[in-house]
Amino acid sequence: MLRVQMRRIVVKYLNMAAVKVPEDPPPPHLPKDQLPNVYYCITSPPPWPEAILLGFQHYLVMLGTTIIIPTALVPQMGGGDTEKAQVIQTVLFVAGLNTLLQSWFGTRLPVVIGASYTFVAPTISIILSGRWDDPDPVTRFRKIIRATQGAFMVASTIQIVLGFSGLWRTVARFLSPISVVPLVALAGFGLYTYAFPGVGKCVEVGLPELVLLIFVSQYLSTLLYRGKFLCDRFSVLITISIVWIYAHILTIAGVYNGKPLTTQISCRTDRAGLIEAAPWIRVPYPFQWGPPSFDAGEAFAMMMAALVALVESTGGLIGASRLASATPLPPSILGRGIGWQGIGILISGLFGTANGSSVAIENVGLLGLTRVGSRRVVQISAGFMLFFSVLGKFGAVFASIPAPIAAALYCVLFAYAGTGGLSFLQFCQLNSFRNKFILAISIFLGLSIPQYFNENRAVKGYGPVHTSAQWFNDLVNVPFSSQAFVAGVLAFFFDNTLEKKEEIVRKERGKHWWDRFMAFKGDARSSEFYSLPLNLNQYFPSV
């Protein structure tokens, strides 16, 4: 009996010794330095016919913001349809120049450098300052736009200095995957106020565009075997054409006759007044409105807007590098791109666009929707911008696309741009409570704080900071009204102050994934994607 019990005990312990502790299973999806499954990356251009159509599609997408901002600002400045058409032509011309400069000498990413909503608030402050009142509305318009020229020219220095001096490169070295997630995500998601609220201004036009775009790009492409690439890559072009014709039929059928003015402005295809006012041929040129005027307070307020645009564009550039299937941006390349964006704002001031320049987030989203990140495509779109800015009548035809169609595009494209930020979560440890705190607080406050500032402005007509010095008001209200700025600054601060010295924390941040991209020569692919053309890197080396 005793032998049997001893035998059982020995067998029990032998079985226990044979049991192995299971290892952690491998991650379900391995992190990728480059986004897979794209059709064309930065250095692989499509065939010329396809590239031209894709470039024209980028041109149509950037038209929305290009038209909406001058349409809102020029009448407040005293300008009529003629001045509005000329400003839109100038914005298009400058956008084409700046896009080419950024793709040649800046980051070399396939991004469009266009008009920015960030500069609208300080521009309105200049309009409402009362310093430029004049009985003649056209004279008043010229005085105000010359004041904005001076403010933009001064404001451009902050990006030029931070970019080319290497200061922004130093800041970028402290970025990690966990800190760029809120910045890039809210650079796209934070623009929700310009999306479906714009669709709601004319539901019968905007909603069909939204539904059609989703159906053609996501469902029809799976049903049509031979035409799959058409639906994948040209869904924006196809749906805009269909809904634009539909909106024009509603217009000529008299559906909007007798409707309120706001409905007619949003829905009709003949309310912009641009086709009649636009000249057949006009080449914008520097100081076309006269010599710029300068005011210290206005310049300081615009410099703050330029700083906010710098942070937002940093998110846009990082997101574009991901969606275009490039490797993470080396800090030196990011600084170079910011410097050239500053030159873009300087050019905006020289030409008198009434608005500054930054990365067009909607076009970043288009990279994801089409899965085409080719640099050549965006350069072709810049050619369309220059062409239609000079041939005003032809450009005005496309400018007659109702704004709710553009807003419907934004519902998809801004969201796609935001996912460029979410994709960096693959490099982070999401079981870390430190990372959870950074993501939670920065994203939540990045949405909540700007909501408070924007609601205050909508209800009272001014921001929470309201003093007799309008420039000081903008100095505070503008940055806290930007979702990407608030979220990006908070995430950057928390990530670099919360227990970051331990090696395990460094890995949880995802910092080790980016080590080889901190230096330009740390990864051979950086040279492939970001080297300057014509072998200029030997004269302007990146570090």
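Is Asp 295 buried, exposed or partly exposed, and what is its relative accessible area? In this predicted model, Asp 295 is partly exposed, with a relative accessible area of 29%. This value falls in the class between the 20% limit for buried residues and the 50% limit for exposed ones. The side chain of Asp 295 takes part in a salt bridge with Arg 131, in which the closest N and O atoms are 3.6 Å apart. Arg 131 is located in the loop between helix H4 (120–128) and helix H5 (137–164), whereas Asp 295 is located in the loop between helix H12 (274–277) and H13, so the pair ties together parts that are 164 residues apart in sequence. Arg 131 likewise counts as partly exposed, at 41% relative accessibility.

The structure holds 15 salt bridges. Among them is the contact between the side chains of Arg 516 and Asp 33, with an N to O distance of 2.1 Å. Distant parts of the chain are linked by this pair, 483 residues apart: Arg 516 occupies the loop between helix H23 (511–514) and helix H24 (524–530), and Asp 33 the loop between helix H1 (2–18) and helix H2 (48–77). Asp 33 is buried, with a relative accessible area of 13%, while Arg 516 counts as partly exposed at 33% relative accessibility.

A further salt bridge joins Arg 434 and Asp 495, whose closest N and O atoms are 3.1 Å apart. Since Arg 434 lies in helix H19 and Asp 495 in helix H21, the pair ties together parts that are 61 residues apart in sequence. Both Arg 434 and Asp 495 are buried.

Helix H19 (residues 433–460) and helix H21 (residues 483–495) meet at an angle of about 150°, and their axes are 8 Å apart. H19 is therefore roughly antiparallel to H21, as angles over 145 degrees are placed in that class. The crossing of H19 and H21 is right-handed.

Val 308, in helix H13 (residues 296–323), is buried, with a relative accessible area of 0%. Its C-alpha atom is separated by 26 Å from that of Met 385, 77 residues apart along the chain. Leu 223, in helix H9 (residues 203–223), is exposed, with a relative accessible area of 63%. Together with Ile 214, Phe 215, Tyr 219 and Leu 224, Leu 223 forms a nonpolar surface patch with about 500 Å² of accessible area.

Terms used:
Residues numbered from 1 in each chain as written. Predicted model: local features only at pLDDT ≥ 70, side-chain atom pairs only at ≥ 80, totals over all residues. Heavy atoms only, no water. Patch = residues over 30% accessible without salt bridge, like charges linked within 9 Å, V, L, I, M, F, W, Y side chains within 5 Å. Areas by Shrake-Rupley, 256 points an atom, 1.4 Å probe, with all protein chains shown as cover. Salt bridge = Lys/Arg side-chain N within 4 Å of Asp/Glu carboxyl O. Helix = DSSP H or I, 4+ residues; strand = E, 2+ residues; numbered from the N terminus. Buried < 20%, exposed > 50% of the residue type's maximum accessible area, 1.4 Å probe, protein only. Axes fitted to C-alpha atoms, helices over the stretch in contact; angles between N-to-C directions. Parallel < 35°, antiparallel > 145°, perpendicular 65-115°, else oblique. Left-handed = near helix turned anticlockwise from the far one by under 90°.
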